[in-house]
Amino acid sequence: MDISAEGKISRRSVLANGAMIAAGLAVAPLAARAQSKASQADTTRAITGRDSLKAHAAHHGLLAGTAVNARALATQPEYARVLAEQYDIVVAENAMKWGPLRPTPDTFFFTDADALMAFAAEHKMKVRGHNLCWHSQLPTWFNSTATKENAQHLLVNHITTVAGRYRGKIEAWDVVNEAVQVSDGRPDGLRNGPWMKLLGPEYIDIAFRTARQADPHALLTYNDYGVENDSDDAGKKRAAVLALMRGMKARKTPLDALGIQSHIHAGGSFGSGIRDFMASARDLGLKIFLTEMDVNSSNLTDNDIAHVDQAVAATYRDYLTTTLAEPAVAAMLTWGFTDRYTWLGGGRRGQQPSHPQRPLPFDANYQPTDAFFAIRDAFDHRQTRQA
Ligand code: XIL
């Protein structure tokens, strides 16, 4: 399933916004109907305290985490309750990106990001920072304001301000997000995005060096998607990401960790490609985070909700069995935890939605889905291969 990043983001952000507005009205009744089906996950099983995701993860040397929707956290007590109950690491779904943080070239809007930091501190959770440099979700003023002359100053000033504000409080920063795009045709596989056009490939080292100075405690992470499955495209992308990371290490650029987004599709296959990729990252001395996992079911033609849930859960199980066997993996985060707030839309590209997506461990009514139990089992069965 190769979807260009640009297409993916624009389509999904529209759908995500639509889903947010519709959340209370449309999503809940659909999910309620689905809930009445007999083959839904057994919601009578205990899932809190020692039965929570974070408790099971901790037994196997893992942090369990999720992306957080700022508006839901601020307005929905149930959202905050489940979040605190299940997870010990959080990441802002949007609030720490350039767009939301930078209303104008001279100002910063920290309210939502600060609220997440405060919630995390209150509940003794760790925080991942996402992200300091990306081609997407830049502020509207960026295109008309950034030039070859001022781009380095803009980047350094942003990273110094943002990473400096949360210095000592962030477990890991996604310093650069999605810098590889093989189809852009550069020999090094790097994306020909705005930062590349303004600063050349050096922007990556500049970002990491600036982040190290601003927050020496955070694990500095390179984060990307499309490296997970057994396809040729994923293989090419893995090779380009490894080449980038090896080059950084050779140049003594401060790089501590690899983030594998893990936006995967139901029924995908995950074998030696991702396994060898993770082992190579470990050989470079890197930690690994599974940073944004969800399972997209838009490729399924069977729209029976119970079957969708089973297929999604089976894919979680498969993928996590493979990836959690890698000893360098330190955390697993999903991209949201309730289907009420998922960035994934309903249908295949250009088609009518076939079924509402249920890609996360809790449904739109905060009931655990089959995916919840598949994730927890995968934690329980973690047996890392020897490094
Ligand atoms: C997504 C958010 O979930 C949406 O709300 C937003 O409209 C677009 O971005 N890879 C990433 C994340 O690194 O930042 C993206 O988040 C999903 C893909």
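1. Helices here are DSSP runs of H or I with at least four residues, strands are E runs of at least two, and both are numbered from the N terminus.

2. The model is predicted, and local features need pLDDT of at least 70, side-chain atom pairs count only at pLDDT 80 or more, and totals for chains, interfaces and linings use all residues. Residues are numbered from 1 along each chain as its sequence is written, and side-chain values use heavy atoms, with hydrogens and water left out.

3. Helix α12 covers residues 272-283, twelve in number, and spans 16 Å from its first C-alpha to its last. This is close to the expected 16 Å, where the expected span is 1.5 Å times one less than the number of residues. After α12 comes Gly 285, with a positive phi near 85°.

4. Contact here means heavy atoms within 4.5 Å.

5. Helix α4 (residues 77-86) has Tyr 79, Ala 80, Val 82, Leu 83, Ala 84 and Gln 86 buried. Their cover includes the helices α2 (53-58), α3 (70-75), α6 (111-122) and α14 (370-380), together with strands β1 (63-68) and β2 (89-92).

6. For the chain as a whole, there are 14 helices and nine strands. Of its 387 residues, 57% are buried. Among contacts between residues at least 6 apart in sequence, 80% join residues at least 24 apart.

7. The ligand is surrounded by 14 residues, each with a heavy atom within 4 Å of it. The closest are Glu 93, Lys 97, His 130, Glu 292 and Trp 335. By class, the shell holds three nonpolar, seven polar and four charged residues.

8. The distance is 2.7 Å for Lys 97, 2.9 Å for Glu 292 and 3.0 Å for Asn 177. On its own the ligand has 420 Å² of accessible area, and the protein covers 95% of this; such areas come from the Shrake-Rupley method with a 1.4 Å probe.

Definitions and conventions: A polar contact is a pair of N or O atoms within 3.5 Å; within protein, one must be able to donate a hydrogen and the other to accept it, and residues adjacent in sequence count only if both atoms are side-chain atoms. Ala, Val, Leu, Ile, Met, Phe, Trp, Tyr, Cys and Pro count as nonpolar, Asp, Glu, Lys and Arg as charged, and the others, Gly among them, as polar. Buried means under 20% relative accessible area, exposed over 50%, partly exposed in between (1.4 Å probe, protein chains only).
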